[in-house]
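Let's take a friendly walk through a protein model together. Have a look at the sequence and the picture below before reading on.

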Amino acid sequence: MFVDLSFFFSRTQNMAHKNQQSTPRRSTWSFSSLHISRTSGEDGKLRPGQRRTKLFSSVRADFWKSEKVPEAIADANGKARPPAGQEHGTIGDEEVDHGRMNTLSSMWNNFQEKLSRGAKDPTPSQHAAPAPAASPAGTCGQEPCHASEQFFFEYLVVVSLKRKAEGGYEPQITYQFPKHDGRVKFQKQEEETTLKAITLFCFPEGINWTPMTDYRSETFSFVLTEVDGSRRNGYCRRLLPHGKGARPPEAYCIISRVACFGLFSKIFDEVEKRRQIAMAMIYPFMQSLREAPFPAPGDTVKIKSFIPESGTEIISLTRPLDSWLEHVNFHTLFHCLSDAEVLQVFAATVLERRIIFVAEELSTLSQVIHAVTALLYPFTWQHTFISIVPEILIDVVMAPTPYLLGVQKHMLDCVTDHTDLLIVDLTEGAENTFITSMGDENTILPRKLEEEILLALSARKENSTPEELKKVVSEAFLPFFIKTVGHFTSHMKRERRGQQGVFQKKSFSKAVEPKATRQFVKKFMQTQMFDLFIQELEQQPVLKEGVFQKKIAEYQEKRKAEKAKKP
């Protein structure tokens, strides 16, 4: 059994025993992906059509002996597999997996206890949305009739800070749209759990707030990842509510399956404008948005909305053409880090290491972490991913497995063990960008390819628009993967057309030139992101032609043309 030990919130725990397969009876969500795949039966043999899945884990060999970790973790004995390309030992027998599950269970129970103390069930909305209008054609009440249909969003909530009798503040949901009435008990419980998590992420700093008269609005995002790997995006805008005198901020939060930061920032502008008039003005706009067809990449949808004294307005919402970059704004990443520093972070991310980003602004943390994962395209980060770590869950930094975490700077003292860790300080004017590092980050990538990336990045203009910057960055990093692993299609063998493929690992590795690039590729092949990428390709009867495949074809044609010109 392969288990990626990511720290997660789960409404159903199905992993208590090593011989049990996790099959949640209903939807389960988490802070980060939890991947469980059976690779063999009880006799240890592969089932038909299965390839053995490796355990990819950045657990350090000395982690289990560390005196700095909680007692429940230190008691878990056994050797562990190191990060890709490091020689700290290999994974032992299944008892080690069981020990890690006990470790995870202990830390999860600790998180559960903190959650129950730190965030009570949300109170009923003070401002309930009006009863929904008649459903448009193609929908059934509040839910899509077909899985292929997609709403812009699932929830819009307003989270306010309410003073507690014993002191401090507690985030509570004061407005929710839509209201899902008539749900059965377990659906209500799931919704309550989701809403509770939203309050944590909207105000991750905890309960200590001071009323203020001036507060700079900021927009940030987070991700809720379900057990099946699907993700829901949380978009938040925090600002000072309309009023007089000192008061705490409030947050608008939209939960959506759609990953498009820029599009939802514009939606927040419209919500904020209506909130200043009256809370009731939010509903008609969000209802119109929910009924609108979700646009394809590059398309525009127009929403009609009435505002008193302004009349009917038409709001145009355009989805970016490059859908794999629509959630990303690279400006903050390259503002906080130099090109060379970005490459070092990229190198550590490619080898699936433990990385913590530090900043005080929530928007900086979320934008930088999403930008870093976008550099991995066509691969996807498969491990723990928390763009903003709530204060009550700061113990997640002790996780022994790969992660990308965003931690506010005032919580940095909680990161006591810096072993095998890259901590990146995003603070402007920071004395040291890398508070701690492994020391080899600038030697991971092949030197020639690294220089090519730096040269491509140098072509960007100082005042580039977000779209111009996306184009330069994608054209700098995508060729890196084309030149290192873009030949994978030649090593995917199928006995007959329409059958699943089998990846020829040895021939693929041997085909890489020069030697320096081959050494990198061998390390990269040990990562989970590469393995799952290949697994998905093997399961396709016919390879789908996406952006990556098109770019590979263009590169190969260019090389053929260059060779033909040579005498």
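The report starts with the whole chain and then visits a few places along it.

## The whole protein

Keep in mind that this is a predicted model. The protein is built with 14 helices and 20 strands. It has 567 residues, and 53% of them count as buried.

How do contacts relate to the order of the sequence? Take the contacts between residues at least 6 apart in sequence: 64% of these join residues at least 24 apart.

## A glutamate in a loop

Find glutamate 154, in the loop between β6 (143-144) and β7 (155-163). Which side chain does glutamate 154 join through a polar contact of 2.9 Å? The partner is the side chain of arginine 232.

## A threonine in another loop

Now move to threonine 419, placed in the loop between β16 (403-408) and β17 (422-425). With a relative accessible area of 29%, threonine 419 is partly exposed, because that category covers values between 20% and 50%. Threonine 419 and methionine 438 are 19 residues apart in sequence, while their C-alpha atoms are 8.1 Å apart in space.

## Two helices side by side

Next, look for helix α9 (residues 447-457) and helix α10 (residues 466-485), whose axes come within 8 Å and cross at roughly 160°. Angles over 145 degrees count as roughly antiparallel, so that is how α9 and α10 lie to each other. The crossing of α9 past α10 is right-handed.

Which residues make the contact between α9 and α10? From α9 come Leu449, Glu452, Ile453, Ala456 and Leu457. From α10 come Val472, Val473, Ala476, Phe477, Phe480, Lys483 and Thr484.

## A mostly covered helix

The last stop is helix α13 (residues 528-538), where ten of the eleven residues are buried. Among them are Met529, Phe530, Leu532, Phe533, Ile534 and Leu537. The buried residues of α13 also include Gln528, Asp531, Gln535 and Glu538.

Look at the start of α13 too. There, a side-chain oxygen of threonine 527 reaches to within 3.4 Å of the backbone nitrogen of phenylalanine 530.

Methods
Residues numbered from 1 in each chain as written. Predicted model: local features only at pLDDT ≥ 70, side-chain atom pairs only at ≥ 80, totals over all residues. Heavy atoms only, no water. Helix = DSSP H or I, 4+ residues; strand = E, 2+ residues; numbered from the N terminus. Buried < 20%, exposed > 50% of the residue type's maximum accessible area, 1.4 Å probe, protein only. Contact = heavy atoms within 4.5 Å. Polar contact = N/O pair within 3.5 Å; in protein donor to acceptor, adjacent residues only side chain to side chain. Axes fitted to C-alpha atoms, helices over the stretch in contact; angles between N-to-C directions. Parallel < 35°, antiparallel > 145°, perpendicular 65-115°, else oblique. Left-handed = near helix turned anticlockwise from the far one by under 90°.
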